[in-house]
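Please keep the coordinates open while reading.

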Amino acid sequence: FLVAQCSGRGIYLFLTPIAWWGGPNENPDAFSAQTSKPGMMFVPKARQAAANYLRRFLTRLNRYSGRAYKDEPALCVLEIMNEPTYFSYGDLSGAAYQPQGEKPEVIERDHRQFRETWESWLKARSLADSAALFPLFRYDLMRAYLREMTEAIRSTGARQPIACSFFGVNGDDIAQAIADSPCEAVTFSNYPGGWERVNDGRNLMADAAPLKVDARLAAKARLAYEFDTPATNVSCYLYPALAAHFRAGEVQIACQFQYDSIATARWNTDWNAHWLNWLYTPSKAVSFMVGGEAFRSLPRGVQYDVGKPGSPAT
């Protein structure tokens with residue numbers, strides 16, 4: 001219904017079909033129940049399931065519009081997966097990855113699968129175990145994953161640009177794999193001050209300094225898949241600063257995390273750190289409107305000075 005309404009009203013959607021997180025009532029066959037978050041990139045069954053899901057989702061008919069989702073006018077960009085994470089070399093012999101809700105047996109199985117995949121990769125190249133080789137191995141895994149997901153999307157006839165999240169990138173090998181992938185875009189985020197509940201009155205301009213983008217991504221379009229100014233319910237300076245931050249990195253689309261509907265805004269019942277509604281946070285609402293104008297008017301690549309650390313927030 002939402003997609004059909006957006007298509008009818010000229011509102012564009014930047015859609016990420018796959019998001020991973022564990023939950024107490026999850027479907028036993030779900031990605032998050034059967035696979036660790038890093039495992040989504042290398043466990044064969046998980047990759048096959050993800051590719052199948054993308055194909056089925058994009059070709060599914062919207063009951064309200066009669067169109068397949070891939071043909072919805074509102075759908076302008078597709079992102080493969082929300083906020084991926086990656087095993088490191090330490091996960092080959094230990095548990096460097098901090099679980100995000102996975103069951104112990106799932107983590108153990110994926111660590112075992114990761115080691116077996118690494119050993120097979122070494123054997124196929126007649127190489128001995130070496131930390132120096134690990135980036136090449138992980139580069140190959142990520143390139144293969146992005147190629148498979150992109151091919152699954154394109155096999156449906158979907159023509160939207162395909163984006164890859166830059167979240168969680170923890171090595172040059174992952175950055176290079178994204179740069180060399182067929183994805184046309186890369187996505188970023190920013191939450192000045194993090195998730196603390198004491199951000200009002202703090203000068204967070206340093207967190208909104210010009211966005212620096214890896215030079216290897218020069219051929220990719222840039223998007224902000226989410227951003228906000230959490231726990232700043234009175235301060236009203238950060239949205240325009242974030243607009244400048246993203247435009248400095250040549251971001252072309254920026255999606256704010258959440259606007260509270262009037263029916264629930266009084267209690268802010270969703271994500272507590274986010275609070276934006278013109279009735280209850282009017283200064284933030286005005287700041288967001290100014291930020292929108294700034295984003296539309298500032299040239300891509302704009303540079304600016306955020307001032308000295310510790311100076312008062314205005």
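The side chain of Q256 reaches the backbone nitrogen of Q258, at 2.9 Å. The side chain of Q256 also makes a polar contact with the side chain of D228, at 3.2 Å. The model is a predicted one.

- Q256 sits in strand β8, which covers residues 253–256.
- Is Q256 buried or exposed? Q256 has a relative accessible area of 16%, so Q256 is buried, the cut-off for buried being under 20%.
- Beyond the neighbours within four places in sequence, Q256 is in contact with F227, D228, Y239, L276 and F288.
- H274 is 18 residues away from Q256 in sequence. From C-alpha to C-alpha, Q256 and H274 are 10.0 Å apart.

**Second largest pocket**

- Q256 is also one of the residues lining the second largest pocket.
- This pocket holds about 250 Å³ of space.
- Which residues line the second largest pocket? The lining consists of F227, Y239, L242, A243, A254, Q256, F288, M289, G291, G292, F295 and R296.
- Two or more lining residues come from each of α7 (238–248), β8 and α9 (282–297).
- α9 supplies the largest share of this lining, with 6 residues.
- By class, the lining of the second largest pocket has 8 nonpolar, 3 polar and 1 charged residues.

**Largest pocket**

- The largest pocket holds about 1,000 Å³ of space.
- Its lining has 29 residues. Nearest the centre of the largest pocket are F14, T16, N82, Y225 and E226.
- Which elements each supply at least two residues of this lining? They are α1 (2–9), β1 (13–15), β2 (18–19), β3 (75–79), β7 (221–227) and β8.
- The lining of the largest pocket divides into 21 nonpolar, 4 polar and 4 charged residues.

**Cavities**

- How many cavities of 30 Å³ or more does the structure hold? The structure holds 3 of them.
- The largest cavity has a volume of about 80 Å³.
- P38, M41, F42, Y86, F87, F114, R138, L141, M142 and I174 form the lining of the largest cavity.
- Helix α5, residues 134–154, gives the most to this lining, with 3 residues.
- By class, the largest cavity is lined by 9 nonpolar, no polar and 1 charged residues.
- The second largest cavity holds about 50 Å³ of space.
- Lining the second largest cavity are M41, I80, M81, P84, M142, Y145, L146, A163, C164 and S165.
- α5 and β5 (162–165) each give at least two residues to the lining of the second largest cavity.
- The lining of the second largest cavity has 9 nonpolar, 1 polar and no charged residues.
- M41 and M142 line the largest cavity, and M41 and M142 also line the second largest cavity.

**Cysteines**

- The structure holds 0 disulfides.
- C76 is in no disulfide. The nearest cysteine sulfur to that of C76 belongs to C255, 7.8 Å away, whereas a disulfide needs sulfur atoms within 2.5 Å.
- C76 has 22% relative accessibility and so counts as partly exposed.
- C183 is in no disulfide either. For C183, the nearest cysteine sulfur is that of C164, 5.0 Å away.
- Is C183 buried or exposed? C183 has 2% relative accessibility, so C183 counts as buried.
- C164, the cysteine whose sulfur is nearest to that of C183, is one of the residues lining the second largest cavity.

Terms used:
Residues are numbered from 1 along each chain as its sequence is written. This is a predicted model: local features need pLDDT of at least 70, side-chain atom pairs count only at pLDDT 80 or more; totals for chains, interfaces and linings use all residues. Side-chain values use heavy atoms; hydrogens and water are left out. Helices (H or I, at least four residues) and strands (E, at least two) are DSSP runs, numbered from the N terminus. Buried means under 20% relative accessible area, exposed over 50%, partly exposed in between (1.4 Å probe, protein chains only). Contact means heavy atoms within 4.5 Å. A polar contact is a pair of N or O atoms within 3.5 Å; within protein, one must be able to donate a hydrogen and the other to accept it, and residues adjacent in sequence count only if both atoms are side-chain atoms. On a 1 Å grid over the protein atoms alone, a cavity is a set of points where a 1.4 Å probe fits but cannot get out, and a pocket is an open set with protein on both sides within 12 Å along at least five of seven lines; lining residues have an atom within 4 Å of a point. Grid points are joined across faces, edges and corners, and a volume is the space filled by probe spheres set on the points. Ala, Val, Leu, Ile, Met, Phe, Trp, Tyr, Cys and Pro count as nonpolar, Asp, Glu, Lys and Arg as charged, and the others, Gly among them, as polar.
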